[in-house]
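I opened this model to look up its ligand sites and a few backbone details. My entries are in the order in which I checked them.

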Amino acid sequence: MKKKWWHNTIGYQIYPKSFQDSNGDGIGDIRGIINRLDYLKNLGINVIWVCPVNKSPMVDHGYDISDYDDIDPMFGSLADMEELIAEANKRGMKILMDLVVNHTSDQHEWFKKAMSDLNSKYADYYIIRDGVDGKEPNNWRSIFGGSAWEKIDGTENKYYLHLFTKAQPDLNWENPELREEIYAMINRWLDKGLGGFRVDAISHLKKDFTYKNIEPDGPDGFVNSFPYASNIDGIEVFLNELNERTFKPHDALTIGEVDDLTPEKLESFVGENGCFSTIFDFYHCFHNINSKEWHGDLPAMVADIRKKMFAKQECVAKTSGLLCNYNENHDTARSCNRFIPKEDINYFSKSMLAVMNNFLKGIIFIYQGQEIGMTDYPKKNINEYLDLATFNSYKGLLLEGLSEADALARINIECRENARTPMQWTSSYNAGFTEGKPWFDINPNCADINVAAQENDEKSLLSFYKKMIATRSRSDLVDAFIYGSVTPKYDDISGIIAYERALGDVKILVINNYSADMTTLDFEGDFTEMLLNNYPDLVLQNGKLMLLPYQSITVKL
Ligand code: GLC
Ligand code: CA
């Protein structure tokens with residue numbers, strides 16, 4: 001594999017609204033990020049992905065952009081953004097922005113012009129169709145619930161497509177003029193010294209319009225649009241052009257948000273000549289120990305995660321590219337709540353989860369607060385939530401026949417807003433996040449879980465993350481961690497997720513006891529160095545390793 005600058009990425013995702021407020025208005029901002037760059041540098045981070053900060057009416061918290069070339073005043077100014085890029089670069093870190101080009105906001109100039117004149121060229125920047133029999137053009141469901149079509153005001157029978165909320169009209173990538181506008185905009189940003197992009201919802205760029213109404217798959221009469229609007233054949237033509245015209249000439253790092261790629265398609269996305277550098281895949285995102293599927297059966301869930309994790313690793317190993325490994329993001333509940341039974345959520349299980357994921361082949365990303373073990377914050381009332389997607393799911397659950405209490409319980413488990421509570425910097429009332437009133441309630445467990453308390457504590461999760469990142473970045477090991485082979489070990493033993501990483505003479509064994517039970521494993525031979533252990537000791541006697549609950553060890557063989 002040809003080496004690239006971004007191969008050693010230790011990434012950190014920032015949800016700017018909730019990271020650090022600098023001016024007391026209760027909303028995190030770009031200046032707040034600049035003020036925390038040294039914290040991130042100290043953690044060992046070298047790439048920072050900042051979720052959308054462009055001008056936006058914030059219907060989907062910035063994923064509805066009304067001006068790609070400007071920054072929303074809520075977050076600061078264009079000069080602040082340029083300063084962030086420069087300050088990060090100065091410290092040897094690169095900034096990635098979120099590239100949201102499947103759709104714009106309905107307040108974008110293009111959409112406003114399109115709506116005011118359906119004969120203007122801008123109408124063809126969007127996807128507009130005639131209704132059928134007095135209804136929507138077809139019965140696709142929006143990803144956030146309800147129809148994916150919205151009737152255009154003042155017309156008899158015209159609708160526009162929105163795969164997400166109706167404030168996020170989908171762009172028509174079939175239109176070459178629109179594509180040119182997008183490429184020019186991307187190049188303007190890359191020319192400012194940006195490291196690249198996380199590329200939002202990109203698998204939806206191409207749609208298959210041969211389908212009309214389809215048998216509904218829910219009581220709402222709609223149908224999941226994914227088979228007709230996700231990874232559709234021919235999408236690579238757009239993506240390759242996008243890469244050739246923008247990312248490639250800038251040697252940018254691009255991480256596509258792409259799920260469910262068939263093994264045959266993977267090379268064209270992440271390979272050396274692929275359209276992206278790498279992807280965020282979702283193979284583990286829907287695992288939740290509290291869901292109906294697992295009923296708290298940890299061994300069963302662990303077995304399933306192990307199967308999917310190694311299958312994914314095997315699949316990527318067949319390509320000439322790398323995967324981007326992560327445990328959580330702004331669209332998921334917190335990883336400790338999803339992957340660990342409630343009674344076992346502690347330092348040991350959280351550090352074990354980190355090692356399990358971060359020592360896999362590829363690059364890694366940590367989501368803000370994960371490094372201190374931030375947890376979900378379930379609500380007592382649905383009105384304490386703020387996200388449209390939450391309310392749509394709630395409505396959907398009621399429609400399925402759940403009681404209000406049961407629907408809220410499900411939302412509390414699954415809801416992405418769990419990851420969006422403000423960052424917990426200190427134990428003070430507002431967690432050091434803001435001097436004003438926070439835009440979203442802070443988790444009261446900031447009294448125990450916060451950066452200040454962990455920073456000077458050798459035994460804290462934050463200190464463990466630092467050690468883990470330092471181990472992964474160690475000059476004699478780094479290549480083995482990035483490029484080395486992954487061989488599953490002990491895969492017949494329930495509750496164990498273990499693998500060997502190997503490159504040339506370097507061999508590293510990672511063993512995770514993903515259970516609350518003590519587990520004994522056969523261990524032949526010896527190891528030359530203990531690289532990482534989330535307990536003070538390791539018991540190895542007469543060829544037997546005795547692992548404590550959620551013990552995670554990494555040894556050099
Ligand atoms: C992506 C984002 C999500 C957003 C959606 C629509 O999935 O991660 O937060 O709501 O795209 O842009
Ligand atoms: Ca602010």
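**Entry 1: the model.** I note at the start that this is a predicted model. I read every value below with that in mind.

**Entry 2: ligand 1.** Which residues come nearest to ligand 1? Of the 13 residues around ligand 1, I list Asp 60, Asp 200, Glu 257, His 330 and Asp 331 as the nearest. I then sorted the shell by class and found seven charged, three polar and three nonpolar residues.

Next I looked up polar distances to the ligand. For Asp 60, a polar side-chain atom is 2.5 Å from an oxygen atom of ligand 1. For Asp 200, a side-chain N or O atom lies 2.8 Å from an oxygen atom of the ligand. For Glu 257, I again read 2.8 Å between a side-chain N or O atom and a ligand oxygen atom.

**Entry 3: the calcium ion (ligand 2).** What are the protein donors of the calcium ion? I find Asp 21 (OD), Asn 23 (OD1), Asp 25 (OD), Ile 27 (O) and Asp 29 (OD), at 2.3 to 2.4 Å from the ion. Along the sequence I write the spacing of these donor residues as D-x1-N-x1-D-x1-I-x1-D.

Is Asn 23 buried or exposed? Asn 23 has a relative accessible area of 52%, so I record Asn 23 as exposed, the cut-off being over 50%. Asp 29 has 4% relative accessibility, so I record Asp 29 as buried, the cut-off being under 20%.

**Entry 4: strands 16 and 17.** I looked at how strand 16 (residues 485-489) and strand 17 (residues 496-503) pair, and found an antiparallel arrangement over five bridges. Pro 488 has Tyr 499 in strand 17 as its bridge partner. The hairpin of these strands has six residues between the strands, and Tyr 490 in that hairpin takes a positive phi near 50°.

**Entry 5: Gln 20.** I placed Gln 20 in the loop between strand 1 (10-14) and helix 1 (30-35). Gln 20 counts as buried because its relative accessibility is 8%.

**Entry 6: Ser 335.** I found Ser 335 in helix 10 (residues 335-339). Its relative accessible area is 6%, so I count Ser 335 as buried. The side chain of Ser 335 makes a polar contact of 2.6 Å with the side chain of Glu 328.

**Entry 7: positive phi in loops.** I looked up two further loop residues. Met 58 is not a glycine, yet its phi is positive, about 65°. I placed Met 58 in the loop between strand 3 (54-55) and strand 4 (67-71). With 14% relative accessibility, Met 58 counts as buried.

Asp 133, also a residue other than glycine, has a positive phi near 50°. The loop that holds Asp 133 runs between strand 6 (128-130) and strand 7 (140-141). Is Asp 133 buried or exposed? I read a relative accessible area of 74%, so Asp 133 is exposed.

Notes: Residues numbered from 1 in each chain as written. Chains lettered and ligands numbered in written order. Predicted model: local features only at pLDDT ≥ 70, side-chain atom pairs only at ≥ 80, totals over all residues. Heavy atoms only, no water. Near = heavy atom within 4 Å. Polar contact = N/O pair within 3.5 Å; in protein donor to acceptor, adjacent residues only side chain to side chain. Nonpolar A, V, L, I, M, F, W, Y, C, P; charged D, E, K, R; others polar. Donors = N, O, S within 2.8 Å, 3.2 Å for Na, K, Ca; no water. Buried < 20%, exposed > 50% of the residue type's maximum accessible area, 1.4 Å probe, protein only. Pairing = 2+ DSSP bridges. Helix = DSSP H or I, 4+ residues; strand = E, 2+ residues; numbered from the N terminus.
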